[in-house]
Amino acid sequence: LASRRQGEPAKQWYQRRVRGSDGSDEPGTAACPNGHFYCTNKGFKGQLMGSSRVDDGICDCCDGSDEKEGQCENTCVALGAQMAEAAKIIRKEQAIGFQQRLAYVADGKAAKARRDEDIGRLAGERDKLRGEMDEREKVRNEAE
């Protein structure tokens, strides 16, 4: 595989990669049997695929650039809009989830503070009862 030259635009690099070994074929075609084809899919997202999928009668690129002119409908803008809407929904769900997480963290901190307070109170009661028990034990020992 050809490596990308410093400062070379990605499109040129992809076009250079699809050239056959003799460089006589055109970039972005299936002329190179082990090559690649890059769909720009303007309005959606680009796609690199094997050159064997070009001109095979199946519209693999949403812009139809992998098939003969007019054979495929350009659905890139509609797909891009669907992807943007799905991303918007995901962002909303993530925001809701993050708010729930913050609420759980606050609840956890409050529960820990209550538990620590209870532990301190119970430790004080325990120490007081131990002191009373020691006093009674001393009184009992003196009475014997």
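Reader: Is Cys59 buried or partly exposed in this predicted model?

Author: The model is predicted. Buried would need a relative accessible area under 20%. Cys59 has 39% relative accessibility. Cys59 therefore counts as partly exposed.

Reader: Which residue does a disulfide join to Cys59?

Author: The S to S distance in this disulfide is 1.9 Å. The pair links distant parts of the chain, 13 residues apart, with each cysteine in the loop between E2 and H2. The partner of Cys59 is Cys72.

Reader: Is Cys72 buried or exposed?

Author: The cut-off for buried is under 20% relative accessible area. Cys72 has 14% relative accessibility. Cys72 therefore counts as buried.

Reader: Is the disulfide of Cys59 and Cys72 left-handed or right-handed?

Author: The torsion about the S-S bond gives the hand. For Cys59 and Cys72 that torsion is about -85°. The disulfide is therefore left-handed.

Reader: Is the disulfide of Cys62 and Cys76 left-handed or right-handed?

Author: A disulfide joins Cys62 to Cys76, S to S 2.0 Å. The torsion about the S-S bond of this pair is about 100°. The disulfide is therefore right-handed.

Reader: How many residues apart in sequence are the parts that Cys62 and Cys76 tie together?

Author: The disulfide runs from Cys62 to Cys76. Cys62 lies in the loop between E2 and H2, and Cys76 lies in helix H2. Both cysteines are buried. The parts they tie together are 14 residues apart.

Reader: Which strand does the disulfide of Cys39 and Cys61 tie to the loop between E2 and H2?

Author: Cys39 and Cys61 form a disulfide, with sulfur atoms 1.6 Å apart. Cys61 lies in the loop between E2 and H2, 22 residues from its partner in sequence. Cys39 lies in residues 36-39, which is strand E1.

Reader: Are Cys39 and Cys61 buried or exposed?

Author: Buried means under 20% relative accessible area. Cys39 is at 0%. Cys61 is at 2%. Cys39 therefore counts as buried, and so does Cys61.

Reader: What is the pairing of the bonded cysteines when numbered in sequence order?

Author: The structure holds 3 disulfides. They join Cys39 to Cys61, Cys59 to Cys72, and Cys62 to Cys76. In sequence order, the pairing is 1-3, 2-5, 4-6.

Reader: Which residues make up the largest nonpolar core?

Author: In soluble globular proteins, nonpolar side chains tend to be buried together. The largest nonpolar core here has 5 residues in all. Two of them, Cys39 and Cys61, also form a disulfide. The members are Phe37, Cys39, Met49, Val54 and Cys61.

Reader: Which residues does Cys61 touch, not counting residues up to four places away in sequence?

Author: Cys61 belongs to the largest nonpolar core. Its contacts include Phe37, Cys39 and Met49, which are also members of that core.

Reader: Which residue meets Asp60 in a salt bridge?

Author: The count comes to 8 salt bridges. Asp60 is buried, at 18% relative accessible area. The N to O distance is 3.2 Å, and the partner is Arg53.

Reader: How many residues apart in sequence are the parts tied together by Lys68 and Asp55?

Author: Lys68 forms a salt bridge with Asp55, the closest N and O atoms being 3.4 Å apart. Both residues lie in the loop between strand E2 (47-50) and helix H2 (76-143), so the pair ties together parts 13 residues apart.

Reader: Is Lys68 exposed or buried?

Author: Exposed means over 50% relative accessible area. Asp55, the salt-bridge partner, is partly exposed at 44%. Lys68 has a relative accessible area of 53%. Lys68 is therefore exposed.

Reader: What separates the C-alpha atoms of Lys68 and Gly57?

Author: Lys68 sits in the loop between E2 and H2. Gly57 is 11 residues apart from Lys68 along the chain. Their C-alpha atoms are separated by 8.5 Å.

Reader: Which helix holds both Glu125 and Arg121?

Author: The side chains of Glu125 and Arg121 meet in a salt bridge, 3.2 Å from N to O. Glu125 is partly exposed at 39%, and Arg121 is partly exposed at 44%. The two are 4 residues apart, about one turn of the helix, and that helix is H2.

Methods:
Residues numbered from 1 in each chain as written. Predicted model: local features only at pLDDT ≥ 70, side-chain atom pairs only at ≥ 80, totals over all residues. Heavy atoms only, no water. Core = buried A, V, L, I, M, F, W, Y, C linked by side-chain atoms within 4.5 Å. Buried < 20%, exposed > 50% of the residue type's maximum accessible area, 1.4 Å probe, protein only. Contact = heavy atoms within 4.5 Å. Salt bridge = Lys/Arg side-chain N within 4 Å of Asp/Glu carboxyl O. Disulfide = S-S within 2.5 Å.
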